[in-house]
Amino acid sequence: MSNVDIFVWEFLGTAVLCLLGSGSVASVVLKNSFSHGGGGDWVVIVLGWGFGVFAGASIAAPSGGHINPAVTLAVAISDGVPWSSVPVYWGAQLLGAFVGASLAWAAFKLQFDKMDDNSGTRGIFCTSPAIPNTPWNLVTEAIATFVLVIWVLTNPEENSALGFAAVAFVVITIGFALGGPTGYAINPARDLGPRIAYALLPIRGKAGPNWGYSWVPIVGPLIGAALAAGLALVLPL
């Protein structure tokens with residue numbers, strides 16, 4: 001597959017992931033949305049992001065359905081894609097995440113405009129730790145991403161019947177089990193692209209994008225992915 005094809009599929013898949021994921025959070029956070037105040041907030045968000053992974057990865061299937069720089073890194077370490085294609089994957093994923101989050105804002109623009117206080121809407125786009133502590137926030141993101149990537153690398157044949165739906169189930173489980181401390185980015189593009197969108201979009205009364213924390217959901221997932229890929233290389237698969 002050419003790098004142009006890779007870019008197109010990864011861009012589209014990641015855009016859909018972030019459109020559906022950010023949209024699920026917006027439907028809970030923003031007033032004048034039918035889901036706002038309806039209860040089950042974390043459940044809606046986790047399921048929205050989980051099935052957003054299913055939709056996005058399915059669309060990006062021709063390029064491998066990575067939609068996540070951490071997954072691309074792990075696959076490259078495992079010789080699944082050439083290193084020369086990694087920047088193409090990463091660029092497409094970052095741009096797709098930016099566009100997807102921007103489309104989520106467009107879909108909910110009236111709700112943003114009707115909010116009395118938009119200072120708490122950053123979480124629609126990107127993650128923040130419940131308790132800020134950089135070393136432990138890194139550990140949490142690395143652990144959660146390790147679980148995702150080691151599953152991806154060690155179970156391709158056994159789960160072929162379920163396809164990307166199986167990956168969605170894993171992401172949902174990670175959200176419920178490990179998402180509480182940091183909001184479980186487990187995907188550098190999914191956090192950075194929407195964070196940039198949040199910084200640029202004309203949302204009245206919004207808070208800052210918290211750039212001081214922004215590197216944690218980038219570095220943590222990449223560390224977790226690299227560790228998972230290294231372990232997978234020595235396992236008797």
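**Close-up views of a predicted model**

**View 1. The surroundings of Phe125.** Leaving aside residues up to four places away in sequence, Phe125 touches Ser22, Ala101, Trp105, Phe112, Arg190, Asp191, Pro194, Arg195, Tyr198, Leu201 and Ile203; contact here means heavy atoms within 4.5 Å. This is a predicted model, where local features need pLDDT of at least 70 and side-chain atom pairs count only at pLDDT 80 or more, while totals for chains, interfaces and linings use all residues. Residues are numbered from 1 along each chain as its sequence is written, and side-chain values use heavy atoms, without hydrogens and water.

**View 2. The largest nonpolar core.** Phe112 and Phe125 touch the most other members of this 37-residue core. Such a core joins buried Ala, Val, Leu, Ile, Met, Phe, Trp, Tyr and Cys residues through side-chain atoms within 4.5 Å, buried meaning under 20% relative accessible area (1.4 Å probe, protein chains only). Helices H1 (3–29), H2 (41–59), H4 (86–107), H6 (134–154), H7 (164–178) and H8 (188–200) each supply at least two residues; helices are DSSP runs of H or I, at least four residues, numbered from the N terminus. H7 gives the largest share, six residues.

**View 3. Helix H6 and its neighbours.** With 21 residues, H6 reaches 30 Å from its first C-alpha to its last, close to the 30 Å expected at 1.5 Å a residue (1.5 Å times one less than the number of residues). Among its buried residues are Asn137, Glu141, Thr145 and Trp151. The buried residues of H6 pack against H3 (69–77), H7, H9 (211–214) and H10 (216–234).

Key:
Buried < 20%, exposed > 50% of the residue type's maximum accessible area, 1.4 Å probe, protein only.
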